[in-house]
Amino acid sequence: MDPCPFVRLIIESLALKLPQPTKPVAVTSGGVYPTTTPCFCKLRLKNFQSQTALLPLSNGSGDSPPESSTSTAGFHLDALTLRRVSGKPVTLCVEVFTGRMGRSCGVNSGKLVGSVQVTVDLGVSQTRPAVFQDGWMKLGNDHEKPSAKLHLTVRTEPDPRFVFQFGGEPECSPVVFQIQGNISQPVFSCKFSADRSRSRSLPPNFSNKNRGWMRTLAREKERQGRERKGWMVMIYDLSGSPVAAASMVTPFVPSPGTDRVSRSNPGAWLILRPHGFSVSSWKPWGRLEAWRERGPVDGLGYKFELVTDNGPSNGVPIAEATMSVKKGGLFCIDRRVSKSDSAASTSSRSPIKGFVMGSTVEGEGKVSKPMVQVGIQHVTCMADAALFIALSAAIDLSMDACRLFSRKLRKELCHEEEESCS
């Protein structure tokens with residue numbers, strides 16, 4: 001398996017230093033000095049959606065590093081983007097504003113202070129880490145007048161990834177292809193099944209050894225007619241050997257008085273990998289919970305949380321995502337630790353570091369063929385990649401499992417005895 005080139009553009013250590021006033025400054029009516037006005041910045045890169053970050057104010061003198069700083073999510077440049085720019089430098093523009101972020105009555109509420117530009121050489125960035133800016137930059141072109149200064153670090157690092165795509169919707173038991181440029185080759189096959197007696201397919205001693213994972217398996221018998229349960233996806237390598245699985249261990253049921261799965265009663269999957277030489281012996285790698293909740297943009301959306309059975313992070317979600325019902329979205333496990341992260345943060349304690357995986361999912365009513373990216377440092381063999389394929393299938397199928405119970409599912413998702421299918 002050969003990876004595809006990716007470059008990560010990282011913007012961190014962001015802080016703002018405002019010029020010292022030459023005259024005494026009056027306190028505003030709200031009792032706040034102007035120098036404590038909230039400040040933020042917008043980061044712009046051509047063909048990418050802009051990002052926004054708060055800017056802490058620095059009172060340090062000279063060119064000393066800021067006392068506190070913030071970071072942004074940065075930009076991920078994939079193989080297509082890298083081919084498009086053909087190694088040419090790109091320009092990162094950072095605009096600094098005072099005031100609060102957001103819009104009021106359709107008008108941006110912030111006032112522009114100034115902007116800076118940093119040139120980034122992507123040709124160099126594909127092969128080795130590089131730093132293009134690290135320190136203070138002056139906002140404004142008038143060198144004789146005091147002006148605000150922006151502190152930032154702009155750096156890149158190569159971030160090659162394996163790229164996979166489902167040949168069809170997971171419930172249709174498709175082949176999974178590895179993608180490299182214009183070349184695609186089959187590497188896995190999926191087998192979806194829906195069986196109400198799914199628990200019998202797990203090892204007899206599975207629940208005894210994994211009580212923490214199986215805490216909500218026992219659901220009320222009377223809900224059986226209004227529950228989605230027993231779904232499972234097996235991932236096979238080209239030889240036909242099972243290498244990973246996703247099993248729905250907690251049924252998706254509507255909350256009392258509603259027709260949707262809620263946060264108080266989420267459905268859940270176990271992501272499983274073979275353990276030992278027995279085909280029937282499986283070990284849980286992670287637990288994915290999903291439910292439906294109201295989002296800030298376009299109403300109801302899907303919420304996901306992933307917990308792995310992996311050292312200090314056990315029981316603490318390592319990834320969360322909210323996706324639009326109509327548009328779908330991206331589920332991403334990205335455990336980068338920037339300079340400004342606290343040593344006591346959850347990200348720092350997690351044994352999982354760096355970009356792990358990302359999976360795109362389509363919204364309701366659209367044909368979904370998930371695209372999966374996996375960081376090469378997390379793949380030592382094909383079975384490692386298969387885990388993330390199984391996780392991606394579970395995420396996609398959860399979109400169907402969380403659909404309103406007043407709506408019918410497609411026939412591939414239903415049990416033979418059920419009639420609630422389209």
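The model is a predicted one, and every value below is computed from it. The protein chain holds 5 helices and 22 strands, and of its 422 residues 48% are buried. When contacts between residues at least 6 apart in sequence are considered, 61% of them join residues at least 24 apart. The accessible surface of the chain amounts to about 21,000 Å², and carbon and sulfur atoms account for 51% of that surface.

- An open sheet is formed by 4 strands, which follow the order 4-1-10-9 and pair in the antiparallel sense; its edges are strand 4 (75-77) and strand 9 (130-138), each of which pairs on one side only.
- On average, and with direction ignored, neighbouring strands of this sheet are turned by 15° against each other.
- Strand 1 and strand 4 run antiparallel and are joined by 3 bridges, and within this part of the sheet Leu9 stands opposite Phe75 of strand 4.

- Strand 11 (161-166) and strand 12 (175-180) run antiparallel and are joined by 4 bridges, with Val163 standing opposite Ile179 of strand 12.
- Strand 12 also pairs with strand 13 (residues 183-194), in the antiparallel sense and over 6 bridges, and here Gln178 stands opposite Gln185 of strand 13.
- Strand 12 and strand 13 form a hairpin that has 2 residues between them, and in its turn Gly181 has a positive phi of about 65°.

**Strand 22 and its partners**

- Strand 22 (residues 371-375) is joined to strand 11 by 5 bridges, and the two run antiparallel; Gln165 has Met371 of strand 22 as its bridge partner.
- Strand 21 (residues 354-361) pairs with strand 22 in the antiparallel sense over 4 bridges, and Met371 of strand 22 is likewise the bridge partner of Thr360.

- The side chains of Arg161 and His76 are joined by a polar contact of 2.7 Å.
- Leaving aside residues up to four places away in sequence, Arg161 touches Pro3, Cys4, Phe6, His76, Phe355, Gln373, Val374, Gly375 and Ile376.

**Cysteines**

- How many disulfides are counted in the model? The count comes to 0, where a disulfide would call for two cysteine sulfur atoms within 2.5 Å.
- Cys4, one of the residues that Arg161 touches, counts as buried because its relative accessibility is 7%.
- Cys39 is buried as well, with a relative accessible area of 3%.

**Serines with a positive phi**

- Ser13 is not a glycine, yet its phi is positive, at about 55°; Ser13 is found in strand 1 (residues 7-17), and because its relative accessibility is 9%, Ser13 counts as buried.
- Ser173, also a residue other than glycine, has a positive phi near 50° and is placed in the loop between strand 11 and strand 12.
- Ser173 has a relative accessible area of 27%, and therefore counts as partly exposed, since that class lies between the limits of 20% and 50%.

**The loop that holds Leu57**

- Where does Leu57 lie? Leu57 lies in the loop between strand 3 (51-54) and strand 4, and Leu57 is partly exposed because its relative accessible area is 26%.
- Leu57 and Glu67 are 10 residues apart along the chain, and their C-alpha atoms are separated by 8.7 Å.

Definitions and conventions
Residues are numbered from 1 along each chain as its sequence is written. This is a predicted model: local features need pLDDT of at least 70, side-chain atom pairs count only at pLDDT 80 or more; totals for chains, interfaces and linings use all residues. Side-chain values use heavy atoms; hydrogens and water are left out. Buried means under 20% relative accessible area, exposed over 50%, partly exposed in between (1.4 Å probe, protein chains only). Two strands pair if DSSP finds at least two bridges between them. Axes are lines fitted to C-alpha atoms, for helices over the stretch in contact, and angles run from 0 to 180 degrees between N-to-C directions. A polar contact is a pair of N or O atoms within 3.5 Å; within protein, one must be able to donate a hydrogen and the other to accept it, and residues adjacent in sequence count only if both atoms are side-chain atoms. Contact means heavy atoms within 4.5 Å. Accessible areas come from the Shrake-Rupley method with a 1.4 Å probe; for residues, only the protein chains shown count as cover.
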